[in-house]
Amino acid sequence: MTIKKLHYISGLTITIFVALHLCNHFISVFGAQDHIEMMNTLRLFYRNLFVETILLLAVALQIISGLKLFKTNRKLVLSKFDKLQIWTGLYLAIFFIIHLSAVLSGRLFLKLDTNFYFGVAGLNSFPFNLFFIPYYGLAILSFFGHIASIHNKKMEQSIFGLSPKAQSIIILVFGLIMTIVIFYGLTNHFHGVTIPKEYEVLIGK
C-alpha cells in the first residue's frame, strides 16, 4: 500500500473522531455540564482498548506519512489550496503529537479526568491563554483547511451552481465560524471558566 493510500485511510479514521470531538466542543455553548455529559456518552464508543488502539495507530500513521509527504511535496505544489493542504497537514501533525502527549500524561500520571476542565484550564488562564488560544484556534482552522483543500482536489462537480473551489471556500468559512463558536463555548461565553481545584495543577497553582 502506498504512503498516500495509508495517509488517506488513516485520515478518514481521524476525521470521524475529530468531527465528533468538535461537535462535543460545540455543545459547550450550552454549558460545561452539557459538554461533559455528551463526552461521557461518546466515551462509551471510543474509550475502550480496541477503538483507542485504532485511533492511536491512525494518528501515528497520519503523522509519519504526512511528514514524508510534506518533505516530498512542499517544493512541488503550485496552487494555493495545495499549499494550504501541506502546511495545515504539518501543523496538525505537530498538534497531534503535543495534544495526545498532554492528554495521556493527564490520564496516566496526573490521574485526572481529561474532560472539559482539563481542556479549558490553560485557555481560561492568563498568561497560558496566550499560547492556548492560537494553539487550539490554528488546530481547528487547520482541520477545516485540510478538508477544504482535499475537497478542492477530489471534487469534480458543481453543487447548486457552486464550483469545487467555491465549495472549498465555504468549508473554510464554516471552519472559521465554528472556531469562534467553540471558543465562545469553551470560555463560558467569553466570560471565563472557573477551574476546579484539582485541575489547577495544569496552570501551576
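Predicted model: local features only at pLDDT ≥ 70, side-chain atom pairs only at ≥ 80, totals over all residues.
**Exercise 1.** Classify the aromatic pair formed by Phe 70 and Trp 87, and state which helices hold the two residues.

*Solution.* A pair of aromatic rings is described by the distance of the centres and the angle of the planes. The count comes to 16 aromatic pairs, and for the one formed by Phe 70 and Trp 87 the values are 5.0 Å centre to centre and 75° between the planes. Because planes over 60 degrees apart count as edge-to-face, this pair is edge-to-face. Turning to the chain, Phe 70 belongs to helix α3 (residues 49-73) and Trp 87 to helix α4 (residues 80-108), so that the pair links distant parts of the chain, 17 residues apart. Phe 70 itself is buried, since its relative accessible area is 13%, and buried means under 20%.

**Exercise 2.** Decide whether Tyr 184 and Phe 190 are buried, partly exposed or exposed.

*Solution.* These two residues also form an edge-to-face aromatic pair, with 5.2 Å centre to centre and 75° between the planes. Tyr 184 has a relative accessibility of 32% and therefore counts as partly exposed, whereas Phe 190, at 54%, is exposed, because the cut-off for exposed is over 50%.

Definitions and conventions: Residues numbered from 1 in each chain as written. Heavy atoms only, no water. Phe/Tyr/Trp six-rings, centres within 6.5 Å; stacked < 30°, edge-to-face > 60°. Helix = DSSP H or I, 4+ residues; strand = E, 2+ residues; numbered from the N terminus. Buried < 20%, exposed > 50% of the residue type's maximum accessible area, 1.4 Å probe, protein only.
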